Amino acid sequence: MAVLCLKTKAATAQPYRILTQADFLGTPRPDGRGVVAYTNCTLNFSYHSNHVNGEYLLHASVRLTMNNYKSWLDRSRIINSEQLSEILKHEQGHYNIAYLEQQEVLRTLSRTRFTANYRQEAMDIFDRIDARYKQLNQDYEEDTQNMVNRQQQHSWDVYFAKRLQYISRENASL
């Protein structure tokens, strides 16, 4: 199999943002099993390649979307602004996980040398990273017991702060 030199030019990602209650426009699920809020984010991965000056460039786009109409807060169960703040902080964790995944996909693609099988290799990278972050999201929910375990929630908040700080420095060099 011939090896092609593929350089990756990653698309500029959306800036990181803090969620507000205005991001939650969906209808709460009646069978929410005690859950007060739900955050729905998706990553859309696409790319195309170009042959430029004897090299192949892989132009990737990894778009993070906060799905406002699939995300919801059960406002009838929120009793004060302090509780709302805690709920939003927990839901921010779910957004953080999606954002960290987006950044890792972009970073990994930009550092990868692909072969002639770049289509499969690019999808394998995305699928591998996506599976890891889906598990991280599950771990987050289980560890924090959907934010009920405040000690674990604090540990995750510290983890996110450190990861986001690293991501910011990393992106400065892309």
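Student: Which residues lie nearest the centre of the largest pocket, and how many residues line it?

Tutor: This is a predicted model. Its largest pocket is lined by 26 residues, and Tyr38, Thr39, Asn40, His94 and Asn137 lie nearest the centre. The elements that give two or more residues to this lining are β2 (37-38), β3 (41-52), α1 (81-110) and α2. The most comes from α2, with 7 residues. The volume of the largest pocket is about 690 Å³.

Student: What makes up the lining of the largest pocket by class?

Tutor: The lining has 10 nonpolar, 8 polar and 8 charged residues.

Student: Why is Thr144 called buried?

Tutor: The term buried requires a relative accessible area under 20%. Thr144 has a value of 0%, and it is therefore buried. Thr144 belongs to helix α2, which covers residues 118-144.

Student: How do you know that the side chain of Thr144 has a polar contact with Tyr140, and what distance separates the atoms?

Tutor: A polar atom of the Thr144 side chain lies 2.8 Å from the backbone oxygen of Tyr140. The cut-off for a polar contact is 3.5 Å, so this distance falls within it.

Student: Which residues are in contact with Thr144, leaving aside its neighbours within four places in sequence?

Tutor: They are His90, Asn149, Gln152, Gln153 and Trp156.

Student: Which residues of the largest nonpolar core touch the most other members?

Tutor: Among its 38 residues, they are Phe45, Leu73, Ile87, Leu109 and Phe114. At least two residues of this core come from each of β3, β4 (55-66), α1, α2 and α3 (150-172). The largest share, 11 residues, is supplied by α1. In soluble globular proteins, nonpolar side chains tend to be buried together.

Student: What does Leu73 touch, not counting residues up to four places away in sequence?

Tutor: Leu73 touches Gln21, Phe24, Pro28, Val36, Ala37, Ile78, Leu84, Ile87 and Leu88.

Technical notes
Residues numbered from 1 in each chain as written. Predicted model: local features only at pLDDT ≥ 70, side-chain atom pairs only at ≥ 80, totals over all residues. Heavy atoms only, no water. Helix = DSSP H or I, 4+ residues; strand = E, 2+ residues; numbered from the N terminus. Buried < 20%, exposed > 50% of the residue type's maximum accessible area, 1.4 Å probe, protein only. Polar contact = N/O pair within 3.5 Å; in protein donor to acceptor, adjacent residues only side chain to side chain. Contact = heavy atoms within 4.5 Å. 1 Å grid on protein atoms, 1.4 Å probe; cavity = no way out; pocket = protein on both sides within 12 Å on 5 of 7 lines; lining within 4 Å. Points joined across faces, edges and corners; volume = space filled by probe spheres on them. Nonpolar A, V, L, I, M, F, W, Y, C, P; charged D, E, K, R; others polar. Core = buried A, V, L, I, M, F, W, Y, C linked by side-chain atoms within 4.5 Å.
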